[in-house]
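Here is a friendly walk through the side-chain contacts of one model. Keep the viewer open as you read.

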Amino acid sequence: MKRIPTLGLAALAALPLSAQTAKIGGDLQLWYTQMMDSNLRYNSSAPGGYYNLRSEFKENTLTVRRAEIKVSGNLLEGIDYEVMFDPSISTGTTNPMILQDAFLIWKPAAGIDVKAGQFKNLQTYEGLTSSTEILFAERSQLGRTFGDKRDRGVAFGASFGDPKDFSGKATVAVFNGMNDAIAGKANDANAAKDFVVRLDFALGKAQKFGVYTLQGSTDVPDKGNPPASIAANPGGAWPSQAAIYDSKDKTTNLGAFYAYQDGTWTVTAEYMTGLLGRRFATLAASAPTVKREHLDQKFTGYYLTGGYTTGNHTFLARYDLMNMNSGDQWYTAYNPYTQSAPGTPLLVNGAPVDYSPKFTEATLGYTYAWIPAKAKVANFKLNYIARSKNFLKPFGTQTGEQGGNTLVAAFLVAF
C-alpha cells in the first residue's frame with residue numbers, strides 16, 4: 001500500500017482555511033467578423049508589414065477570440081498567486097493550452113507588493129485593462145502592439161493615498177525583454193533586460209491618469225550577431241556591424257494616459273512614443289520584407305475615445321493613429337515608402353503608391369450590457385472599423401493603396 005506523506009498533509013491542514021481555497025474565474029468571448037470588401041482576403045500586406053492585423057479580420061469568420069481560465073488564491077499570509085491560461089490561442093504547435101499569467105505577489109507591508117513570474121509588461125493603459133472591461137471588441141493599436149504583451153520579470157510596487165480621494169501607485173520592474181508574444185513566455189537567451197517605471201494616479205473612482213516608460217536593448221546574444229559581412233554593404237543602405245553593436249538595438253517607450261468614466265460619460269486618451277529597436281530588427285532597406293529603415297527609427301501613436309451610457313446601452317467612438325516611422329528616417333538616398341529609386345515613384349500597376357507606415361482606425365461601437373452595473377458579466381458589442389488605405393498592396397489589376405474595413409460582433413460572458 002502506498003504511504004501517504006502525512007507531514008505534507010499536516011502542513012497543509014495547518015494553513016488558514018482561506019489559504020486552501022482557490023478562486024476559479026474566467027471569460028469566454030465569441031466573435032463574428034464581416035469584411036466590407038475583399039481586400040483583406042486577397043491583398044497581401046504592404047512592404048514592411050508594420051500593421052498589426054489579427055488573422056480573424058482576414059476572412060468572414062466565426063471565432064473563439066478568448067477562452068481565459070484563471071485560478072487565484074492565497075498561499076500564506078501576505079502571499080497570493082494567480083495562474084491564467086487560454087486554450088483558444090493557437091501557436092501552430094500541439095500545445096493544447098497557452099499559459100498567459102503565472103505569478104506570485106508578496107505583500108510584506110501595507111501598501112508594498114512584490115510581483116514575480118510571468119505577466120503583462122506594464123505598458124499602456126489598455127494593456128493592463130482586463131479583456132472583460134475594454135470598451136471595444138479589440139484594443140487600440142497602441143494597446144495591442146505594445147501593451148498586450150507578457151514577459152517574465154519582477155515588479156516592486158508602492159501604493160499611497162486615499163482611494164476615495166487621491167491615490168496612486170509607483171512601480172519599478174525588470175523583465176527578460178522578450179518582445180514576441182510567444183517568446184516572451186520563455187526563458188531569456190541573453191544578458192540584456194528591460195527596465196520599466198510606471199506611475200498610476202486616481203482621483204476618486206472616476207478619473208485615472210499616469211505615465212510609464214520602458215528602457216531596453218537587444219533580445220539576442222551579441223556574440224556573432226550580426227555577421228561581419230554586413231560591414232561590406234555597398235552604398236551604405238544599412239548600418240555597419242560596428243553601428244549595430246554600438247546601438248544594442250536600443251528599445252524605448254514613453255507614454256501617458258487619462259481616463260474618465262462616471263457610469264454615464266467615458267473619455268479616454270493615450271499618447272506614446274519611443275524607439276522601435278529590436279521589435280523590428282530587419283535593417284536592410286532594400287529587402288522586400290523590411291520592417292525597419294533606421295537604427296534610430298521612432299514610432300508615435302495616440303488614440304481618443306468618447307462614449308455615452310444610458311441604461312443597458314453604450315455608444316462609443318474612437319480615433320486611433322499609429323506612425324511607425326514618425327521621424328521619417330531611412331538609410332537609402334530616397335524615401336523607400338514612396339520611391340523605388342531617387343526621383344522615381346513607387347508604382348503598382350502603373351499607379352503611384354504610398355506605403356508610409358502611418359495608419360489610422362476610426363471605430364464606431366455599440367455595447368449592450370445585460371446587467372448595466374456589472375457590464376463585464378455579459379455583454380454584446382457591435383463595432384465598425386474604418387482603416388486607412390495604405391497597409392495593403394493592390395491585388396490583380398487594382399491601383400493605388402488598398403484598405404479594408406470590418407464589422408465585428410462580439411459576445412462575452414465572464415464568471
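## A salt-bridge network

Salt bridges link Arg54, Glu56, Arg65, Arg66 and Glu138 into a network; a salt bridge here is a side-chain nitrogen of Lys or Arg within 4 Å of a carboxyl oxygen of Asp or Glu. Please keep in mind that this is a predicted model, where local features need pLDDT of at least 70, side-chain atom pairs count only at pLDDT 80 or more, and totals for chains, interfaces and linings use all residues. Residues are numbered from 1 along each chain as its sequence is written, and side-chain values use heavy atoms, with hydrogens and water left out.

Helices (H or I, at least four residues) and strands (E, at least two) are DSSP runs, numbered from the N terminus. Arg54 is partly exposed at 28% relative accessible area, whereas Glu138 is buried at 8%; buried means under 20%, exposed over 50%, and partly exposed in between (1.4 Å probe, protein chains only).

Glu138 also meets Arg66 in a salt bridge, at 3.7 Å from N to O. Arg66 lies in strand S2, so this pair ties together parts 72 residues apart in sequence. Arg66 is buried, with a relative accessible area of 2%.

## Another salt bridge

The count for the model comes to 17 salt bridges. One of them joins Asp148 and Lys120, with the closest N and O atoms 3.1 Å apart. Asp148 is in the loop between H3 and strand S6 (150–161) and Lys120 is in strand S5, so the pair ties together parts 28 residues apart in sequence. Asp148 is partly exposed at 25%, while Lys120 is buried at 13%.

## Aromatic pairs

How many aromatic pairs does a search of the whole structure find? There are 20, where rings of Phe, Tyr and Trp (its six-membered ring) pair if their centres lie within 6.5 Å, and planes under 30 degrees apart count as stacked, over 60 as edge-to-face and the rest as tilted. Phe103 and Phe119 make an edge-to-face pair, 6.0 Å centre to centre with 75 degrees between the planes. Phe103 belongs to strand S4 (residues 98–109) and Phe119 to strand S5 (residues 112–120), so the pair ties together parts 16 residues apart in sequence. Phe103 is buried at 8%, and Phe119 is buried at 2%.

The ring centres of Tyr125 and Phe257 are 5.0 Å apart and their planes lie at 25 degrees, so this pair is stacked. Tyr125, in the loop between S5 and helix H3 (141–147), is 132 residues from Phe257 in strand S10 (residues 251–261). Both Tyr125 and Phe257 are buried. Elsewhere, ring pairs link Phe160, Phe166, Phe201 and Phe209 into a cluster.

## The chain overall

The chain has four helices and 20 strands. Of its 415 residues, 44% are buried. Among contacts (heavy atoms within 4.5 Å) between residues at least 6 apart in sequence, 63% join residues at least 24 apart.
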